[in-house]
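User: I am new to this structure and would like to learn how its side chains pack and pair. Please answer my questions one at a time.

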Amino acid sequence: MKKMLLIAVALLAGAALYSQDKKDIVKTGWNLGPLPAIAYDADKGLQLGAVLQLFDYGNGTNYPNYDSKIYLEYSYFTKGSHLIQARYDNKELIPGVRWSSTVRVNLDKAFDFYGFNGYGTYYDNVRIAKGLDKGSSDPIFSPFYKYSRNEVRFKTDFLGIITPGLRWEAGLFFDYYKLGSIDYDNINKGKSEEKKFPTDMKTLYDVYKESGIVSEAERDGGYAGGLRAGLVYDSRDKEGAPSRGIWAEGHVTAALPGISKIQYYKYSLTWRHYVPIVSNDVLTFAYRLNYEGTFGNSAPFYALSYITNMGEKCDFEGMGGYQTVRGIMRNRVVGLDMATYTAELRWRFVKFPLWNQNIALALNAFSDGSMVTKGIDISRLKALSGFPVPVYGEPKDTPHITFGAGFRFIMNENFIVAAEYGTPLTHLLKNSPLHDQDGTGAFYVNVGYLF
């Protein structure tokens with residue numbers, strides 16, 4: 001066995017060294033990246049749909065960076081959600097200015113809701129596991145942590161040059177949310193009587209509404225629109241899969257009166273750093289530090305659980321899930337202010353030309369984490385002593401940390417298919433009061449690097 005392992009390691013190392021000397025094919029014109037969206041996300045279920053990415057490399061001068069990009073997606077997830085999105089990114093249309101626009105429609109009959117302040121809200125992992133056990137007389141308990149959420153999000157951003165590397169950012173956004181309690185008929189459809197979620201049992205979202213933690217103004221959702229503005233410094237060697245440089249930005253978001261149901265102001269600070277350990281993209285250490293903050297002490301809760309992003313990509317929804325903290329449950333960490341980190345080692349162990357395309361295969365090991373640094377007042381949950389399910393947790397949030405690893409298929413530095421698995425640290429701490437408070441781990445198949 002040891003001999004076989006040594007041979008495998010030697011072959012991989014040899015392939016990596018051999019691939020360093022291979023010159024990339026310089027891509028020009030339009031290149032298609034169609035992908036059947038047959039994937040899996042532990043938060044959403046099995047994904048069925050299609051993704052189409054079109055990259056325009058022009059005359060190849062900027063390769064591996066593109067001149068413009070179109071991204072189209074429709075996906076259905078077996079846990080009850082639909083995702084439709086279109087993104088456009090152009091660096092050539094307006095001289096000296098990069099223009100990006102995104103529209104996303106997300107329809108979810110059973111969206112995750114684990115309360116506010118991270119560990120400040122207790123997650124009944126024992127009841128969840130018991131309800132899912134075969135032969136258990138308990139109802140399927142997972143709908144307790146669900147609510148209905150439909151959203152439409154649109155933004156258009158502009159990025160212009162101040163000095164080489166330093167740029168200004170400015171943009172407009174408009175969001176619409178429609179929120180409500182879960183659809184019991186849909187949740188219980190096809191289940192035996194003992195497995196149905198009781199229609200007379202309140203969900204956690206119902207508890208938050210009735211206790212006033214989710215205010216009357218925000219409980220049904222609404223619309224928000226306004227401005228974003230900021231600065232960005234970018235010294236990356238390339239955008240799709242960078243191996244050196246810094247990408248840092250800070251911007252403010254203003255949901256303005258008249259075009260927003262609830263007025264609020266937020267800010268976002270993000271530092272991303274790519275450190276080459278072995279040159280030619282072979283081994284790279286990359287990390288991201290992010291702080292999402294709120295000016296004042298109020299904002300609609302549905303606008304909080306994002307790493308806001310200016311440019312071609314949508315805001316990263318979480319905190320928890322593929323784009324933010326891999327391995328913990330989606331929306332496990334929600335507060336007025338949140339600090340998040342990602343650190344990973346990226347090993348591109350082989351690259352080769354195939355059918356006139358530049359192909360590379362890569363592995364990565366990572367650790368992600370997040371915590372609420374300024375919480376929402378949920379103290380009134382303490383008074384719910386007669387409620388059959390505990391809902392009030394720790395008095396103060398602490399870091400939610402995960403570890404994991406993944407695989408990447410990379411074509412032309414921009415079309416990237418990813419498969420990753422993450423495990424919460426609390427899942428490994430069997431004797432801790434926080435054991436499984438972040439779930440038991442999650443597997444994802446998606447596209448791209450996180451940053």
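User: Over the ring of which residue does the charged end of R272 sit?

Analyst: This is a predicted model, with residues numbered from 1 along each chain as its sequence is written; local features need pLDDT of at least 70, side-chain atom pairs need 80 or more, and totals for chains, interfaces and linings use all residues. Side-chain values rest on heavy atoms, leaving out hydrogens and water. A charge sits over a ring if NZ of Lys or CZ of Arg is within 6 Å of the ring centre and within 35 degrees of the ring normal. For R272, the charged end is 3.7 Å from the centre of the ring in question, which belongs to W247.

User: How many aromatic pairs does a search of the whole structure find?

Analyst: Rings of Phe, Tyr and Trp (its six-membered ring) pair if their centres lie within 6.5 Å; planes under 30 degrees apart are stacked, over 60 edge-to-face and the rest tilted. Across the whole structure, the number of aromatic pairs found is 30.

User: What kind of pair do the rings of F113 and Y147 form?

Analyst: The centres of the rings of F113 and Y147 are 5.5 Å apart. Their planes stand at 70°, so this pair is edge-to-face.

User: How many residues apart in sequence are the parts tied together by F113 and Y147?

Analyst: Helices (H or I, at least four residues) and strands (E, at least two) are DSSP runs, numbered from the N terminus. F113 belongs to the loop between β6 (97–112) and α2 (125–132), whereas Y147 belongs to strand β7 (residues 146–163). The pair therefore ties together parts whose separation in sequence, in residues, is 34.

User: What is the relative accessible area of Y147, and is this residue buried or exposed?

Analyst: Buried means under 20% relative accessible area, exposed over 50% and partly exposed in between (1.4 Å probe, protein chains only). F113, its ring partner, is buried at 5%. Y147 has a relative accessible area of 3%, so this residue is buried.

User: What kind of pair do the rings of Y267 and F295 form?

Analyst: The ring centres of Y267 and F295 are 5.0 Å apart, with planes at 50°. Y267 in strand β11 (residues 264–278) and F295 in the loop between β12 (283–294) and β13 (306–307) are 28 residues apart, and the pair links these distant parts of the chain. Y267 is partly exposed at 23%, as is F295 at 45%. Because of the angle between the planes, the pair is tilted.

User: Which residues do ring pairs link into a cluster?

Analyst: F113 and Y147, the edge-to-face pair, both belong to the cluster.

User: Which residue does E317 meet in a salt bridge?

Analyst: A salt bridge is a side-chain nitrogen of Lys or Arg within 4 Å of a carboxyl oxygen of Asp or Glu, and the whole structure has 31. The bridge of E317 spans 2.7 Å, N to O, and its partner is R149. E317 lies in strand β14 (residues 316–317) and its partner in strand β7, so parts 168 residues apart in sequence are tied together. E317 is buried at 12%, and also buried, at 2%, is R149.

User: Which residues do the salt bridges of R348 reach?

Analyst: R348 is in strand β15 (residues 337–354) and D281 in the loop between β11 and β12, so their pair ties together parts 67 residues apart. E413 is in the loop between β17 (400–411) and β18 (415–424), so its pair with R348 spans 65 residues in sequence. R348 is buried along with D281, and E413 is buried too. The N to O distances are 3.9 Å for D281 and 2.8 Å for E413.
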